Amino acid sequence: MDQRPPAIFVGDALGLDFLNSIATPIDMPIDWIDDGDGLLNWLEQAQLAPADAIKRIRAEALPGELDKVADQARSLREWFRGFVRKHKGRPLTAKSPAELEPLNRLLERDDSFKRVVPGPKGEKNPLQHQTIRRWRTPEALLSPIAEALAQLVCTEDFSDVKACEGPACTLLFADHTRGRTRRWCSMALCGNRAKQAAHRHRLKEQH
């Protein structure tokens, strides 16, 4: 049974939420993908893999196989964190794809296809163009993560990618607020702490 608390999704972009899959929400750092089981649970919470595929992969994986994939996911996470930290706060340029070659190599391994399926009831168009993934091996679990990272670099203005201003916080987010004034990963995690610290500081100065 996974003893970890629910994963943190405050990035406002799944690619950043993947980077936030290791964090220190209170005192101790938590890595939500520190083993194969953790990776499956994180993917399920992120809704990046369907429950039936996760269940089948969990049942059919060889001993240690999922842990190896989780190890690859952590390596991918730290490599991509370096890219994001280097480029956050300013737009990406046409030179950026050269740095993203490892991501392109991972995207090339994806075993997916498109098909036409019935759309949601009540929609104007009764049909939908849907991507289906075959999930042949546990390594296929990396494909939706790679897709989320590609989505981030292709659709997000990196000028809006920020690090939380909490002194010990490592969380990243895309600031989509009006005026781009967001400073904290969330008020619950860091914003309130900062307010309390400022209040204590003011009280100290008054005495």
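Is glutamate 78 buried, partly exposed or exposed? With a relative accessibility of 38%, glutamate 78 counts as partly exposed. This briefing concerns a predicted model. The largest nonpolar core in the model has 54 residues, and the structure holds 17 salt bridges. The points below are grouped by topic.

**The nonpolar core**

- Within the largest nonpolar core, the residues with the most contacts are Trp42 and Val84.
- Among the elements that give two or more residues to this core are helix H1 (14-19), helix H2 (36-45), helix H4 (65-87), helix H7 (142-155) and strand E6 (172-174).
- Helix H4 contributes the most to this core, with eight residues.
- Once its neighbours within four places in sequence are left aside, tryptophan 42 is in contact with Ala7, Phe9, Asp17, Phe18, Ser21, Trp32, Ile33, Leu48 and Ile145.

- Ala53, Ile54 and Ile57 are buried in H3.
- These residues are on the same side of H3, because they cover an arc of only 100° around the axis.
- The buried residues of H3 pack against H2 and H4.
- On the face turned away from the buried side, H3 carries the exposed residues Asp52, Lys55 and Ala59.
- Arginine 56 and glutamate 60 form a salt bridge, in which the closest N and O atoms are 3.7 Å apart.
- Arginine 56 and glutamate 60 are four residues apart in helix H3, so about one helical turn separates them.
- Arginine 56 is partly exposed, with a relative accessible area of 31%, whereas glutamate 60 is exposed, with a relative accessible area of 55%.

**Aromatic rings and charges over them**

- The count of aromatic pairs comes to five.
- One of these is the edge-to-face pair of phenylalanine 83 and phenylalanine 158, with 6.1 Å from centre to centre and 70° between the planes.
- Phenylalanine 83 lies in helix H4 and phenylalanine 158 in the loop between H7 and strand E5 (161-163), so this pair ties together parts that are 75 residues apart in sequence.
- Phenylalanine 83 counts as buried at 4% relative accessibility, and phenylalanine 158 counts as buried at 0%.
- One aromatic cluster is formed by Trp79, Phe80, Phe83 and Phe158.
- Arginine 133 has its charged end over the ring of tryptophan 135, 5.5 Å from the centre of that ring.
- Phenylalanine 173 has arginine 182 lying over its face, at 4.0 Å from the ring centre.

**Further salt bridges**

- Side chains of opposite charge can pair when their charged atoms come close.
- Glutamate 78 forms a salt bridge with arginine 77, at 2.9 Å from N to O.
- Arginine 77 counts as buried, since its relative accessibility is 2%, while glutamate 78 counts as partly exposed.
- A network of salt bridges links Asp31, Arg77, Glu78 and Arg81.
- A salt bridge also joins the side chains of aspartate 175 and lysine 162, at 2.6 Å from N to O.
- Aspartate 175 lies in the loop between E6 and H8 and lysine 162 in strand E5, so the pair ties together parts that are 13 residues apart in sequence.
- Aspartate 175 counts as buried at 0% relative accessibility, whereas lysine 162 counts as partly exposed at 21%.

How values were computed:
Residues are numbered from 1 along each chain as its sequence is written. This is a predicted model: local features need pLDDT of at least 70, side-chain atom pairs count only at pLDDT 80 or more; totals for chains, interfaces and linings use all residues. Side-chain values use heavy atoms; hydrogens and water are left out. A nonpolar core is a set of buried Ala, Val, Leu, Ile, Met, Phe, Trp, Tyr and Cys residues joined through side-chain atoms within 4.5 Å. Buried means under 20% relative accessible area, exposed over 50%, partly exposed in between (1.4 Å probe, protein chains only). Contact means heavy atoms within 4.5 Å. Rings of Phe, Tyr and Trp (its six-membered ring) pair if their centres lie within 6.5 Å; planes under 30 degrees apart count as stacked, over 60 as edge-to-face and the rest as tilted. A charge sits over a ring if NZ of Lys or CZ of Arg is within 6 Å of the ring centre and within 35 degrees of the ring normal. The arc is that of the directions from the helix axis to the C-beta atoms. A salt bridge is a side-chain nitrogen of Lys or Arg within 4 Å of a carboxyl oxygen of Asp or Glu.
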